[in-house]
Amino acid sequence: MQLSPQRAAKGRDGSPLALSIGGLGLPYAKMGLKCRYAGAVRDGDARWMSYAVELAGRSPRSASAFAVGSVIVDPGGREVSAGWSRDTDPLVHAEESALLKAAGADLGECTLYSTLEPCSKRAHRPDATCTSLILAARIPRVVIAWREPDIFVTCEGVALLTASGVRVVELAEFAPQARAVNGHLPGL
Ligand SMILES: [Zn+2]
């Protein structure tokens, strides 16, 4: 997937500015993009999340697990790695897969996109939740589409990431697409 380089607009404090559309200086939030953390949305976030939704659709379906897509993007707007649920083994999670494929790379300025809130409890690999893997990889920014509903476990991924200083952005307008990929799950 080819995407144009991310614009490196920076605020006075060096933090990235929200996307301006058409040079009008209107931040994304004012243009109707729903985000719980106004001002935190960056140019490219919506396109990368669209790509993550597409990746989620590649997941082999399971009646006991979500179908999720994830992509890690560097500060220059380039894909570092991507993964989806059960893409490399029957238990691997999307974020875990993307992180494993990026092993050895410096992810200290990257953004991880996931269609679902990163897990904080995991039955099969309790020591390797996606939340703990993201923290271990020192990823500073996570963009999600959909908070995990409590049909399998209670997820505290966003709370734990935020408490550890990770900037979490929720693109709620993508939640219906992220959920639709999981239409097979009982209880949804
Ligand atoms: Zn996970």
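Two strands pair if DSSP finds at least two bridges between them. The legends below describe close-up views of a predicted model.

**View 1. Strands β4 and β5 form a parallel pair.** Strand β4 covers residues 141–146 and strand β5 covers residues 167–170; four bridges hold the pair in the parallel sense.

**View 2. Five strands make an open sheet.** The order across the sheet is β2-β1-β3-β4-β5, and the pairing is mixed. β2 and β5 stand at the edges with a single partner strand each, so one side of each has no neighbour in the sheet. On average, neighbouring strands of this sheet are turned by 15° against each other, direction ignored. Strands of a sheet pair through backbone hydrogen bonds, in either the parallel or the antiparallel sense.

View 3. β1 and β2 run antiparallel and are joined by five bridges. V71 has A82 in β2 as its bridge partner, and I72 has S81 in β2. Five residues lie between the two strands of the hairpin, where G77 takes a positive phi near 80°. In a regular strand, side chains alternate between the two faces of the sheet.

**View 4. Helix α1 packs on the sheet.** Helix α1 spans residues 45–56 and touches β1, β2, β3, β4 and β5. The direction of α1 makes about 140° with that of β1.

**View 5. Helix α2 packs on the sheet and is mostly covered.** α2 touches β1, β2 and β3 of the sheet, and its direction makes about 140° with that of β2. The helix runs from residue 94 to residue 101, and six of its eight residues are buried. These buried residues are A94, E95, E96, S97, A98 and L99. Their cover includes the strands β1 (69–73), β2 (79–84) and β3 (111–116), together with helix α3 (130–136).

**View 6. The largest nonpolar core has 45 residues.** M49, A56, V71 and I134 are the residues with the most contacts inside this core. At least two core residues come from each of α1, β1, β2, α2, β3, α3, β4 and α4. Helix α1 gives the most, with six residues. For V71, residues up to four places away in sequence are not counted; beyond them, V71 touches W48, Y51, A52, L55, E79, A82, A98 and Y113.

**View 7. V166 is a buried loop residue.** V166 sits in the loop between α4 and β5. A residue counts as buried if 20 or more other C-beta atoms lie within 10 Å of its own; V166 has 20 within that distance, so V166 is buried. Leaving aside neighbours within four places in sequence, V166 is in contact with I134, I139, P140, R141, V142 and L161. From C-alpha to C-alpha, V166 and I134 are 9.2 Å apart in space, and they are 32 residues apart in sequence.

Methods. Residues are numbered from 1 along each chain as its sequence is written. This is a predicted model: local features need pLDDT of at least 70, side-chain atom pairs count only at pLDDT 80 or more; totals for chains, interfaces and linings use all residues. A residue is buried if 20 or more other C-beta atoms lie within 10 Å of its own, exposed if 12 or fewer, and partly exposed in between; C-beta atoms are placed from the backbone. Two residues are in contact if their C-beta atoms, placed from the backbone, lie within 7 Å. Axes are lines fitted to C-alpha atoms, for helices over the stretch in contact, and angles run from 0 to 180 degrees between N-to-C directions. A nonpolar core is a set of buried Ala, Val, Leu, Ile, Met, Phe, Trp, Tyr and Cys residues joined through C-beta atoms within 7 Å.
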